[in-house]
Amino acid sequence: MTAKLTELMWPALVANKILNKRVGSSNFIADYPTNTEPLLAHLHSSLTSKTLLNDHKDTQKYKIFVSTWNVGGVAPDEGVNMEDLLETCNKSCDIYVLGFQEIVPLKASNVLGCENSKICSKWNSMIREALNKNTHGRDLKDEKMKNCCNIKEGKNDNPCQQKFEAPQDFECIISKQMVGIMISVWAKRHLRPFIQHPSVSCVGCGIMGCLGNKGSVSVRFVLHETSFCFVCGHLASGGREGDERHRNSNVAEIFSRTSFPKGPLLDLPRKILDHDHIILLGDLNYRISLPEETTRLLVENEDWDSLLEYDQLMMEVTSGNMLKGWHEGTIKFAPTYKYCPSSDLYYGCCYHCKKTAKKRAPAWCDRIIWLAKGLKQIEYGRSESKLSDHRPVKALFVAQVRVSAALKSFESLFMSERFEQIKTHFEVSPTDEFVSKRQPSFRL
């Protein structure tokens with residue numbers, strides 16, 4: 001009976017998935033409305049026409065953290081150290097972009113059914129807590145000390161009603177999920193008025209060439225006067241000879257089918273390759289074109305250079321068709337796939353792996369590459385979380401951004417307390433959350 005019902009529902013479910021992936025460029029989760037034009041319009045109106053005519057462009061640098069992690073369908077638990085992944089104790093960036101793959105198991109009910117937003121919300125809550133932990137602790141302490149002083153001075157008759165709500169340094173710009181693929185973008189609060197036109201585009205390349213068990217979730221936004229596009233992908237798997245062609249085909253489909261709105265003035269980039277700064281991240285699944293025994297021996301000897309000579313993505317970047325001319329930082333870390341569960345041993349090397357199980361040679365499946373003249377990568381490495389059979393990969397970039405000289409001084413205003421006093425005239429309060437298309441909130 002169940003099998004018959006599934007057979008009858010299959011065409012409708014597939015059609016619904018196909019249609020949903022081709023619309024909804026504003027159908028994502030964020031901490032505030034996408035329309036920040038009223039505030040920016042106020043800034044422009046405060047400038048004289050002479051100032052605008054004589055305006056010239058400056059260049060400003062911003063730090064951008066990017067990571068990708070295939071979590072293997074394992075739900076996050078208390079043992080996941082997001083602070084270690086984000087390196088919040090060592091450094092602070094202006095923008096954080098986190099990509100995930102397989103946040104839910106890739107079974108039929110997840111591929112064909114509705115997105116499991118609870119898992120997405122859980123990841124976002126953990127990201128929010130990690131990014132704002134230091135700020136919360138500092139501001140909460142200061143606020144408590146301030147209220148204690150007020151109580152001693154007789155200025156507070158009911159201290160039990162005091163709320164110790166600290167402002168957040170980082171807020172969610174975009175969060176979007178397609179089946180198991182998820183991307184989440186966070187920015188410092190003072191950058192919020194200068195981030196415009198956020199948009200998403202989902203492309204399914206999986207079952208039947210269109211479902212979301214494989215594919216990409218791409219996000220676009222404009223910071224000041226520079227456009228960014230981040231593509232979180234999960235490409236076709238397979239370690240047999242010739243399987244890399246399926247991955248190259250996925251890339252071609254993603255580049256061709258991803259599309260963003262042109263904007264109210266029809267001047268925004270529509271396709272991925274039209275943007276100023278482009279970063280492709282994800283489980284790209286490219287393998288090493290060597291016999292398994294040779295690969296394992298070179299991995300054991302940590303001979304990364306010899307392995308990378310036969311790395312399929314490296315060959316595609318240097319002499320291929322779809323990704324030729326893209327850039328990747330120097331890889332000085334061990335292959336990120338495939339590990340035994342909760343182990344530092346590669347699959348096929350550990351005693352508890354099933355003898356009948358398919359062997360998979362180690363490979364750098366998880367990658368971050370970019371295409372832009374104004375991007376400089378200053379760090380590229382991996383984390384050591386054992387949550388799944390993949391290790392997370394992370395990179396740190398410095399991005400050059402075009403900034404209007406006439407508006408540049410306003411950014412320092414948004415970093416000050418004065419902004420807190422005026423911003424409520426133009427947008428929602430910081431305690432509100434905007435969820436486009438009424439998606440579930442993940443705010444703590």
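Two strands are taken as paired if DSSP finds at least two bridges between them. Helices (H or I, at least four residues) and strands (E, at least two) are DSSP runs, numbered from the N terminus. The structure is a predicted model, in which local features need pLDDT of at least 70 and side-chain atom pairs count only at pLDDT 80 or more, whereas totals for chains, interfaces and linings use all residues. Residues are numbered from 1 along each chain as its sequence is written, and side-chain values use heavy atoms, with hydrogens and water left out.

The chain contains 12 helices and 11 strands. Of its 444 residues, 51% are buried, where buried means under 20% relative accessible area, exposed over 50%, and partly exposed in between (1.4 Å probe, protein chains only). The accessible surface of the chain is about 21,600 Å², and carbon and sulfur atoms account for 52% of this surface; accessible areas come from the Shrake-Rupley method with a 1.4 Å probe. With contact defined as heavy atoms within 4.5 Å, 74% of the contacts between residues at least 6 apart in sequence join residues at least 24 apart.

An open sheet is formed by 6 strands in the order E3-E4-E2-E1-E11-E10, with mixed pairing. Strand E3 (170-178) and strand E10 (375-382) are the edge strands, each pairing on one side only. On average, neighbouring strands of this sheet are turned by 20° against each other, direction ignored; axes are lines fitted to C-alpha atoms, for helices over the stretch in contact, and angles run from 0 to 180 degrees between N-to-C directions. Within the sheet, strand E1 (residues 57-70) pairs with strand E11 (residues 393-404) in the antiparallel sense over 12 bridges. Thr68 has Val393 in E11 as its bridge partner.

Strand E5 (residues 195-204) is mostly covered, with 9 of its 10 residues buried. E5 pairs with strand E6 (residues 215-223) over 8 bridges in the antiparallel sense, and Ser201 stands opposite Ser218 in E6.

Helix H7 (residues 244-257) comprises 14 residues and reaches 20 Å from its first C-alpha to its last, close to the 20 Å expected at 1.5 Å a residue. The expected span is 1.5 Å times one less than the number of residues. The buried residues of H7 are Arg247, Asn248, Asn250, Val251, Ile254 and Phe255. They lie on the same side of H7 because they cover an arc of only 155° around the axis, the arc being that of the directions from the helix axis to the C-beta atoms. The cover over these buried residues of H7 includes E5, E6, strand E7 (226-234) and helix H10 (312-319).
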